[in-house]
Amino acid sequence: MALTPESVKKLVASGVEVAVEAGAGTKAGFLDADYTTAGAKIMDHAALLQEADILACVNRPEPEDYPSLKAGTVIIGFLKPLDEPAALASIVARKLTGFAMELVPRITRAQSMDALSSMATVAGYKAVILAAERLPRMFPLLMTAAGTVPPARVLVLGAGVAGLQAIATGRRLGAMVEAYDVRAAAGEQVRSLGAKFLDVDLGGIQTEDAGGYAKELSEEALQRGRDMVAKHAATSDVIITTAQVPGRRAPLMLTEAAVASMRPGSVIVDLAASTGGNCALTRAGETVNVNGVSILGPLNLPATVPYHASQLYSRNLTSFLGLIADKGALKIDMADEILKGACIAYNGGDVHPKVTAALAQPGGSSATKEN
Ligand code: NAD
């Protein structure tokens, strides 16, 4: 749910009129009555689209929704601007304004709007819970009258936001955790969570871009990582993979041979499934079993923790709305680097250069020509 009652209350107090689609929050645990108490009007889908100046959503509207929106309506949500740019053509054609939460620059001033980090936090946590539930072993070291139970061994690949949350969750459950990331800076964060950082000699190459993200590595550097991962996979009960390179296919980290070396009953949760997967055997959206090893390729784990995923997202969105809603009036300053960075199109024009580039790739189509 894009806005929780807590956020609605804040927005209403700041002079914004809020309308909520009837029943939209129910499955996440937010009832229409809670929204009414917070000061929102409850409306049906069609009426809401016609009246909105700003449409706050989780995912982008359905194609049939666009004709109902007024020109100049602002759409804010996970708009998938780089994965599915052609689907945004209606925003341009209908002279709408779109802000993609994925493109909010990760600068200090925008930290409270960082919805990608919020969702990665939820996904990292839930990945470990899924693995623990499926593993035929317990996570903690137990000393019982019936003898000692050794702790589970968890390997986390990629120590960004999701990876660090997976490490912290695995540690809280009592597992022994190891982690690998190409960014050397991740080592200190991994160790501070009580996990072991696996160092790979990549020959001193630059692995990070100016924004702090991983760069796409050479095949040789990737292979060195894979070799080390293969050695540790054989002794791991659980592997959580989170390695991603923005705008690229996820790097292949876990080969078929590495999976074959794992004990039956072991569990792999591949959080990079939606961008091609870190494991060679992952099938996006499915769970496969290979020689007794379960490989989970979930596509939207935050949706399985809807209450807190909504709460965090709603706070991010409300913080973003603070930039464009001034005492209830819509005021967009396109000179603001956060708004400029996140804007897909402004009143149908100024299409974001990354979207233009994504459209120019095979499979993309021109945003300015489609309806
Ligand atoms: P991400 O989802 O793009 O990638 C996840 C992790 O995979 C990253 O840590 C990356 O280094 C790693 N990775 C990529 N290729 C790899 C490979 N071949 N082998 C091993 N690991 C590989 O990243 P993210 O979680 O969004 O965060 C990336 C960076 O951005 C981190 O440094 C994070 O601290 C930083 N960040 C900054 C802010 C902020 O300043 N507001 C917010 C969030 C994240």
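Visitor: Which residue with a positive phi follows α1?
Guide: This is a predicted model, in which local features need pLDDT of at least 70 and side-chain atom pairs count only at pLDDT 80 or more, whereas totals for chains, interfaces and linings use all residues. Residues are numbered from 1 along each chain as its sequence is written, and side-chain values use heavy atoms, with hydrogens and water left out. Helices (H or I, at least four residues) and strands (E, at least two) are DSSP runs numbered from the N terminus. Helix α1 covers residues 5-13, and the residue that follows this helix with a phi near 100° is G15.

Visitor: Which helices do the buried residues of α1 pack against?
Guide: Buried means under 20% relative accessible area, exposed over 50% and partly exposed in between (1.4 Å probe, protein chains only), and in α1 the buried residues are P5, S7, V8 and L11. They lie on the same side of the helix because they cover an arc of only 155° around the axis, taken from the directions from the axis to the C-beta atoms. The face turned away from that side carries the exposed residues K9, K10 and A13, while the buried residues are in contact (heavy atoms within 4.5 Å) with α2 (32-38) and α10 (306-324).

Visitor: Which residue forms a salt bridge with E6?
Guide: A salt bridge is a side-chain nitrogen of Lys or Arg within 4 Å of a carboxyl oxygen of Asp or Glu, and the closest N and O atoms of this pair are 2.9 Å apart. E6 lies in α1 and its partner in α10, so the pair ties together parts that are 309 residues apart in sequence. At 35% relative accessibility E6 counts as partly exposed, and its partner is R315.

Visitor: What is the nearest side chain of opposite charge to D65?
Guide: D65 lies in the loop between β3 (54-59) and β4 (74-78), and this residue is buried yet has no salt bridge. With Lys and Arg counted as positive, Asp and Glu as negative, and His and the chain ends not counted, the nearest side chain of opposite charge, 9.4 Å away, is R60.
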